[in-house]
Amino acid sequence: MRNLTTNSLKSFAMIVLVSLVLSSCGARKKTTVLHGKGSSPSGKVYSDASSARGASGKGNTLANYAEILGVSERSLNNKELYNFIDEWIGSPHRMGGLQKNGIDCSAFVGILYSKVYNENLPRTSRDMAEHVKRKYENQLKEGDLVFFSFGGRNIDHVGVYLQNNKFVHVSTKRGVIISDIKDTWYYKYFTRAGTPKG
């Protein structure tokens with residue numbers, strides 16, 4: 001009977017471990033590094049958006065983000081949002097992490113929402129997806145949440161929409177990064193978007 005219980009616990013632990021891995025941030029893609037003064041503590045702004053590959057990153061913080069997003073600097077009204085992103089850009093992915101030395105996608109989005117919008121969100125991307133007012137892609141506004149399913153049918157990744165189809169999220173390979181929903185690699189996994197219900 002003891003062996004049966006031990007084997008059952010091992011099986012249960014394995015199922016939990018596999019589900020955690022499958023529900024983690026699963027984004028991996030080639031990255032572009034832009035060098036510019038004032039862009040981040042390391043002097044780099046990271047993006048894997050195909051439209052940002054020619055960006056020079058030679059301006060101030062907001063100018064660099066405007067260039068990555070393909071918008072005018074004047075359209076970046078929420079300076080607190082871009083300063084927050086700038087503090088975290090390039091921070092590595094770590095499943096269950098909550099700090100700049102390692103963070104996962106839902107923790108990053110939760111902290112961003114707490115600091116920038118003074119709102120609390122559920123801890124997991126799957127739970128966040130259940131607490132949004134759903135929107136179509138063409139209705140997205142800065143600060144909306146975008147959800148992906150890299151591991152199958154369930155939502156397992158979340159990011160924050162910025163502008164011009166770009167979103168900030170935590171890639172498992174590159175950490176906090178700005179990507180483009182319309183880039184083929186992300187678009188095929190894009191499953192839902194919306195505004196958190198207040």
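Buried means under 20% relative accessible area, exposed over 50%, and partly exposed in between (1.4 Å probe, protein chains only). The model is predicted, and local features need pLDDT of at least 70, side-chain atom pairs count only at pLDDT 80 or more, and totals for chains, interfaces and linings use all residues. Residues are numbered from 1 along each chain as its sequence is written, and side-chain values use heavy atoms, with hydrogens and water left out.

**View 1. The aromatic pair Phe 167 and Tyr 186.** Both residues are buried. Ring centres of Phe, Tyr and Trp (its six-membered ring) within 6.5 Å make a pair, with planes under 30 degrees apart counted as stacked, over 60 as edge-to-face and the rest as tilted. The structure holds 15 aromatic pairs. In this one the centres of Phe 167 and Tyr 186 are 5.5 Å apart and the planes stand at 90 degrees, so the pair is edge-to-face. Phe 167 belongs to strand E8 (residues 166–171) and Tyr 186 to helix H6 (residues 184–187), 19 residues apart; helices (H or I, at least four residues) and strands (E, at least two) are DSSP runs numbered from the N terminus. One aromatic cluster includes Phe 167, Tyr 186, Phe 148 and Trp 185.

**View 2. The largest nonpolar core.** A nonpolar core is a set of buried Ala, Val, Leu, Ile, Met, Phe, Trp, Tyr and Cys residues joined through side-chain atoms within 4.5 Å. This core has 38 residues, and Tyr 82, Phe 108 and Val 109 are among those with the most contacts inside it. Helix H4 (105–117) is one of the elements that give two or more residues to the core; H4 supplies the largest share, seven residues. Leaving aside neighbours within four places in sequence, Val 109 is in contact (heavy atoms within 4.5 Å) with residues including Leu 121, Met 128 and Leu 145.

**View 3. The surroundings of Ser 149.** Ser 149 lies in the loop between E6 and E7 and counts as buried at 6% relative accessibility. A polar atom of the Ser 149 side chain lies 2.7 Å from the backbone oxygen of Asn 154.

**View 4. The salt bridge between Glu 137 and Lys 182.** A salt bridge is a side-chain nitrogen of Lys or Arg within 4 Å of a carboxyl oxygen of Asp or Glu. The N to O distance here is 2.8 Å. Glu 137 is in the loop between strand E5 (132–134) and E6, and Lys 182 in the loop between E9 and H6, so the pair ties together parts that are 45 residues apart in sequence. Glu 137 is partly exposed at 28%, as is Lys 182 at 42%.

Conventions. Polar contact = N/O pair within 3.5 Å; in protein donor to acceptor, adjacent residues only side chain to side chain.
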